[in-house]
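The sequence and model come first, and the notes follow by topic.

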Amino acid sequence: MSHESFTLTDSRLPLEVEALLLPEVLECLLHHILFHRALAGKAVLPKDMVILDEVFYAKCDDQALDKQVRDSVEAAVSVLKKTDGGGKVSLILYEKEKPGGMWGKTKFGPWEEWSIHLAVRTEPVFGHREETLRRKELQGRVRDTLWRVHSIINSCRKHLPKQGISNDSSVCYPFEIKDPSHHRGSVLALLSRVTQADGKQ
């Protein structure tokens with residue numbers, strides 16, 4: 001099934017992030033995207049980043065969603081630190097497709113994918129001035145990436161699914177956060193729970 005794909009930072013100019021800051025930067029970007037796909041009208045928490053100054057984003061006030069993002073980010077960070085220089089983290093949103101076949105089994109297909117290419121900085125910092133310059137550079141790029149999310153959301157709307165919206169979660173569609181190891185267990189488990197819930201209705 002074809003789906004819309006958006007690249008926030010590409011492999012030619014990845015987002016360079018110090019290993020220490022990687023979890024917070026990833027959570028910031030992923031939560032900001034998911035907030036804009038939270039069509040169920042759940043509560044929203046404005047957030048500011050602890051380490052980077054003047055970087056603000058929004059996230060849904062949903063503990064289950066928060067845990068899923070946190071666990072996925074931890075797995076992604078673990079893999080990125082082991083790769084040679086970094087890799088790609090993807091956020092994929094799924095929609096429920098029309099049941100097919102004689103058994104009418106529920107299927108899910110991707111309808112939107114967001115890609116973030118990252119490079120993990122591991123070299124030491126020489127002095128306060130260099131550290132300050134690095135933080136300023138990262139701060140500017142994170143802020144630009146958040147604005148790019150806004151731009152894409154406002155200009156690309158025709159592909160939004162019109163059916164199968166769930167009110168059980170802040171984000172109305174199942175999603176997967178995929179790290180460079182291409183681990184798919186989280187989404188399969190989530191889709192299994194959604195299918196079981198459908199069967200009980």
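How far does the backbone nitrogen of A64 lie from a polar atom of the side chain of D62? The separation between the backbone nitrogen of A64 and that polar atom of the D62 side chain is 3.1 Å.

This is a predicted model, in which local features need pLDDT of at least 70, side-chain atom pairs count only at pLDDT 80 or more, and totals for chains, interfaces and linings use all residues. Residues are numbered from 1 along each chain as its sequence is written, and side-chain values use heavy atoms, with hydrogens and water left out.

**Overall fold**

- The protein chain has 4 helices and 7 strands; helices (H or I, at least four residues) and strands (E, at least two) are DSSP runs, numbered from the N terminus.
- Along the sequence, these elements of the protein chain follow the pattern β-β-α-β-β-α-β-β-α-β-α.
- Of the 201 residues in the protein chain, 44% count as buried; buried means under 20% relative accessible area, exposed over 50%, and partly exposed in between (1.4 Å probe, protein chains only).
- Among contacts (heavy atoms within 4.5 Å) between residues at least 6 apart in sequence, 75% join residues at least 24 apart.
- The protein chain has an accessible surface of about 11400 Å², and carbon and sulfur atoms account for 52% of that surface; the areas come from the Shrake-Rupley method with a 1.4 Å probe, and for residues only the protein chains shown count as cover.

**Nonpolar core**

- In the largest nonpolar core, which has 41 residues, the members touching the most other members are V25, L26, W114, L118 and V142; such a core is a set of buried Ala, Val, Leu, Ile, Met, Phe, Trp, Tyr and Cys residues joined through side-chain atoms within 4.5 Å.
- Helix α1 (residues 22-36) gives the most to this core, with 8 residues.
- In soluble globular proteins, nonpolar side chains tend to be buried together.
- Leaving aside neighbours within four places in sequence, W114 is in contact with F6, L8, I33, V89, S90, L91, V149, I152 and I153.

- Helix α1 is largely enclosed by the rest of the structure, because 11 of its 15 residues are buried.
- The buried residues of α1 include V25, L26, C28, L29 and I33, together with the histidines H31, H32 and H36.
- The end C-alpha atoms of α1 are 22 Å apart, which agrees with the 21 Å that its 15 residues should span at 1.5 Å a residue; the expected span is 1.5 Å times one less than the number of residues.
- Helix α3 (residues 128-155) has 28 residues and reaches 41 Å from its first C-alpha to its last, close to the expected 40 Å.
- Buried positions in α3 include R134, R135, L138, V142, V149, I152 and I153.

- L15 is in strand β2 (residues 15-18) and is buried, with a relative accessible area of 0%.
- L15 and I116 are 101 residues apart in sequence and 7.8 Å apart in space, C-alpha to C-alpha.
- E176, in strand β7 (residues 175-178), is buried at a relative accessible area of 0%.
- The side chain of E176 makes a polar contact with the side chain of Y94 at 2.7 Å; a polar contact is a pair of N or O atoms within 3.5 Å, where within protein one must be able to donate a hydrogen and the other to accept it, and residues adjacent in sequence count only if both atoms are side-chain atoms.

- D62 is in the loop between β4 (56-60) and α2 (63-82), and is buried at 14%.
- L65 is in helix α2 and counts as buried at 3% relative accessibility.
- D179 is in the loop between β7 and α4 (185-200), and is buried at 7%.
- Beyond residues up to four places away in sequence, D179 touches A75, A76, V79 and K88.

**Cysteines**

- The structure holds 0 disulfides, a disulfide being a pair of cysteine sulfur atoms within 2.5 Å.
- C28 is buried at 0% relative accessibility, and C60 is buried at 4%.
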